[in-house]
Amino acid sequence: MTSKGVLTPKTPLSKMAVLFRRGNTEAASRFDEADHLERANTLHQQEKSLIGVVWIMIMVTAVLSSSLSFLIDEFTFYVGLARSALVLGGSQSFLLGLGLNLSLAICARIIVRTTVEAEGGGFPEMKAMLFGKVLFNFLTFRVLVVKALGLAMLVGAGLPLGKEGPNVHMAGCIVYCINPSFFHKRAEAEHRAGGGAAGSGIDSAISRLLLAACAVGVGASFSAPIGGVIFALELMMPQTYDAWAYWGCFTAGVIGGVTYAIERTVSTQGSSELLPLVSTNVMPGEGVDSDYPVLRLLLDIAIGAACGFMGAVWVRTHAYTAGVLKRWRLREPDHFAPNSSGSSNQEPLLAESGASKFTLKKCFMRLLGGKWRDLALIVAVVTANTFLAASLPLLGSKPQPLLISNIFDKTLYATDEQWALPWAGTGGTLLLCFLMKFFFTILSLSCPVPGGMVLPTMIIGGLLARTIVHNLVPLWFIDMLTTTGGQPMTDLQHGAFLARCAIVGACTFCAGVSRAFAMAITVFEVLALPNSVLPLCSSTLVAIFVANRVSLPFFDQNLANRNLGGIPGITFSEKGAEPAMGFMTRVNLEHCLAQVCTLREILHLLMTTKDDHYPIIRPLCWKKGDAGLLEGNMSRRHLEILLKRLDPSGENPDKEVDLLDPHFQAPEDNSEPLVDGNPPCVAPETTIKEVYLLMKHCRNEGIIYVTDKGVLQGSITFANLVARKI
């Protein structure tokens, strides 16, 4: 009845509403509310137990990962001290130091040869896994052991390699090794769900575990849990995070940091012999006051711009160098592989002259594992790095924590007669040290060995900032900036000012390489210099802005070099904002399935095409004869199963089948559904980044359809999205 009291006619919808209000016994028999509530409660209990398992795995991973990081730090620091004493102790002692470095590096490469998954850093691998499918072969115990041994030996050999990326990868290995069945259940649930596991809760749990591994890997390296969490979340974007993931990362970071601090205190018995990764002797109030604070801030910003530009140049130089060296290594023939005629490269047994001629060579090649170029590259880089580091007293083949502590030392210039080369002067020596670290860090990271880039690039940035301020900034300008109340600073205050410039340079160069604003947070958290917040933040923002105009970030460039350009395209470039219509593969109706078709037509489609997915459409009969409405989706594998099930002997090819039959979508025997009657689709204007986020949670075997008012326009597969060139 309306407001005027007039009765309204019953419509089909109103009759249905009355039916539901009165209750229908037949409908109630089909829907058992008790069974429904019991199933919902079971799923809820499974989710709660899953949360408990994940929290336990996060905490155990934090303790084990930070302990492994401490062991590597302790080994590399004391080996570094011994190495520095040897290479600076005279010619005979230098040869002993060089032999030590070569032995460690060659052994490390031979060990890493056995497990190619242990090469490289860790962030690109973890980022690729968070963006796609978890690669179990990258998370095995063997990878963990090989990467830990290789990293410890190579850093101990004096190569400018960081351990932050490898720590992240090793933390991922640890969380997998704690409970491998947990990961495999996720894969099984993904298979049962038809390619996606977002609804099972396991996929999101694995993402949280990998994120926590990233956080504890960085946090334990710097003893900075806050910076580690922000660094992990920032580099793994775009992902969908919730409070659980956020607090999981913080829990892992804090537990890892506390574990590392306890082990360091127990090991050193409270002494400061084992230096943290980053340290300085600048006190909170030193080198801060100035009568010209704005000019002081502008100088920090200028240093940030210069370091950001050089950081981007470093990334491009590394990408080119790594590509050249990799192609050179891969062109090496396998000396024990069969030749073109099918026989071995070895001489036949009866060819006496040939066999005796090449015996020594073949014995040597077999000793090297059949290949020599990778070992030759390692030997050349280690030898040159050892010689040049010994030739520059400021570097002195010191352990990296000790070296960066010297760069951040406020009394560095007071002792320049100890490290400055007489023929180059202070400014020239700083420039030589910067160039040496700039290029040899590139060469070291281009070798097929485990290693990170955070700490080495911070050292490069600190040296670059020292070089810029000493050689390019006039002395009168520095004196003006360090004037307080009309009075010049003391020498100690002046040295603290220059050390703060080096800190800004280290932070901004690393940020220019990684494009992670978390570097500013990490440096501030580690050094605890309150008045450095604004200079670090402003200069880091400028460095990232400048670097974005020159190159991709280091980790994204690494992925692009591996033919995974779609990941940096989504996360970094403006291509992530492009519409789906500009990237999709346009639909071809000849490659589509009709709702009702014969088995012969299905077989013909499988034989004449190579597609992995086939949309089920209903062609339009009006005007748009070349278009169709999207009704469903079938994969090639499911079509093959359908053919074997309906006509196993091939005697009835003209049998018609309705692909939208409910039995194909929800089999009564709870077997695998063959048809997806509700495939995920997006509008043509949907951005590529939004398509990825939808695909992340509703993978549907890795395909998203683009429709316009239900009319199929094209498709986007996960493989094409990730492998997209930028």
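Reader: Which helix holds M519, and is M519 buried or exposed?

Author: M519 sits in helix α22 (residues 518–527); helices are DSSP runs of H or I with at least four residues, strands are runs of E with at least two, and both are numbered from the N terminus. Buried means under 20% relative accessible area, exposed over 50%, and partly exposed in between (1.4 Å probe, protein chains only). M519 has 1%, so M519 is buried.

The model is predicted: local features need pLDDT of at least 70, side-chain atom pairs count only at pLDDT 80 or more, and totals for chains, interfaces and linings use all residues. Residues are numbered from 1 along each chain as its sequence is written, and side-chain values use heavy atoms, without hydrogens and water.

Reader: Which residues does M519 contact, leaving aside neighbours within four places in sequence?

Author: Contact means heavy atoms within 4.5 Å. For M519 the partners are F231, V454, M458, C507, C510, A511 and S514.

Reader: How is the packing of α4 and α6 described?

Author: Two packed helices are described by the angle between their axes and the distance between the axes. Axes are lines fitted to C-alpha atoms, for helices over the stretch in contact, and angles run from 0 to 180 degrees between N-to-C directions. Helix α4 (residues 91–113) and helix α6 (residues 141–156) pack at about 160 degrees, with axes 8 Å apart. The pair is therefore roughly antiparallel (angles over 145 degrees; under 35 is roughly parallel, 65 to 115 roughly perpendicular, the rest oblique).
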